[in-house]
Amino acid sequence: MKKSLVSFLSLSVLLLASCGCEGDNSTTKVDSLAEDTVNNRVEEAQKIYEFIPSPKIMAELLINADVPYQSKIMHDIESVDKYTSTKMKALNLGIYGADLNYCNVYEKTNETMFYLRCTQSLSEELGIENAISENTVTRAEENVDNRDSMSQIISDMFYELEDYLKENDKDDISALIITGGWVEGLYLAIMSIDEKKPNQAIMNNIAEQKYSLEHLNHLLLTYEDVPSIAEVQPEIEKINKIYTGIKISKEANNVSEENGVTMIGGGSTIEFSMDQFKELKKTVLEVRGSFTKF
C-alpha cells in the first residue's frame, strides 16, 4: 500500500488547450511547468511515506506495546453512504482505508470485510467503480483469516485504484485520499496512547510524523488552484502548527529517557511533552471531525 499510494502522484497533468499565448516556446514553457508540478508531487508523496510505518511494522508496534483493539475509535461504517461531495468521498476513502488496515492488524475478520466493502463503495461513489475489482473482494473473502495475505490483498487493491486514477487523470482525488488516510493513521496512533502510562515507542512514532506532515502540506500546496484541496490544506496546517513545537534532533547515540526527553536509537533526540501531546490530540480530533462530518 505504501508503494502504491506514493505512485498515485506519478500521474499525467492535463494541459490547457489554449493558454492565451502563441508560439512553440510558450508551449514548451507550459509543458515544462506541468512536468515540474508532477515531479514535485511525486517527490513530496514519496517523502510522506518514508516516515509512515508499514502495516507490518504498525502491527508489531501495537502488539509489542499490548495496545488493545478499540472498535469504537474507527469511523462508523454506517456513515459511508452519507457523503455527497467528491472531496468528502475521497477523504473518507482514505480514512476507511486506514481503518481497514487497523482491523487487519488485529485480525478482526468481520470488521476487515466491513471496511473493505466501505472502500469499495466509496470508490464506486467517486465514479471509479472499476478501481477495486470484484476479484479482489473475492480474494479477500477467501483469505480474511490470514493477516499477511490480507495485507497483500489490500496493497493490490490500492494498486488497482492507482491504475484507474492514472488512466483518468484524477491525481487531485489521490491527494485527498492520501490526506484522509494520513490523518486517520495519526488519529489511530494518538487514540492508542494511555495518557497516564504512555508507550514511548508509539509516542516517538507520533512525533516523527512531523516529517511526513511537512511533505503532505507541501503536496497540498501544489494543488492551490483546486478548490477542494484548497479547502483541506488549512486544516492540515492546524496540525502542522502543533508539530512546529515538537523538537527532533539527530545527535544522540544511545537510548535513554530523562525529563520527558527521549533518546532513541539511530541517533535522534525527541522532545515531545504530554502537554504537547494533549494539544496535538485535540487538534487532530477537530480536523478528523471536519473530514468525517456529513
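Modeller: Let us begin with the aromatic rings. In this predicted model, a search of the whole structure finds 6 aromatic pairs.

Biologist: How is the pair of Tyr-69 and Tyr-102 arranged, and what are its distance and angle?

Modeller: The rings of Tyr-69 and Tyr-102 lie 5.5 Å centre to centre, with 20 degrees between the planes. The pair is classed as stacked because planes under 30 degrees apart count as such.

Biologist: Which parts of the chain does this pair link?

Modeller: It links distant parts, 33 residues apart. Tyr-69 belongs to the loop between α3 (55-64) and α4 (86-105), whereas Tyr-102 sits in helix α4. Ring pairs also join Tyr-69 and Tyr-102 with Tyr-106 in a cluster.

Biologist: Is Tyr-102 buried or exposed?

Modeller: Tyr-102 has a relative accessible area of 4%, so it counts as buried, the cut-off being under 20%.

Biologist: How does one describe two packed helices?

Modeller: One gives the angle between their axes and the distance between the axes. Here, helix α8 (residues 171-191) packs against helix α9 (residues 200-221) at about 165 degrees, with the axes 11 Å apart. The angle is over 145 degrees, so α8 is roughly antiparallel to α9. Their crossing is left-handed.

Biologist: Which residues of α8 and α9 meet?

Modeller: Among them are Ile-178, Trp-182 and Leu-186 in α8, and Ile-206, Gln-209 and Leu-213 in α9. The residues of this contact comprise 11 nonpolar, 3 polar and no charged.

Note on methods
Residues numbered from 1 in each chain as written. Predicted model: local features only at pLDDT ≥ 70, side-chain atom pairs only at ≥ 80, totals over all residues. Heavy atoms only, no water. Axes fitted to C-alpha atoms, helices over the stretch in contact; angles between N-to-C directions. Helix = DSSP H or I, 4+ residues; strand = E, 2+ residues; numbered from the N terminus. Parallel < 35°, antiparallel > 145°, perpendicular 65-115°, else oblique. Left-handed = near helix turned anticlockwise from the far one by under 90°. Contact = heavy atoms within 4.5 Å. Nonpolar A, V, L, I, M, F, W, Y, C, P; charged D, E, K, R; others polar. Phe/Tyr/Trp six-rings, centres within 6.5 Å; stacked < 30°, edge-to-face > 60°. Buried < 20%, exposed > 50% of the residue type's maximum accessible area, 1.4 Å probe, protein only.
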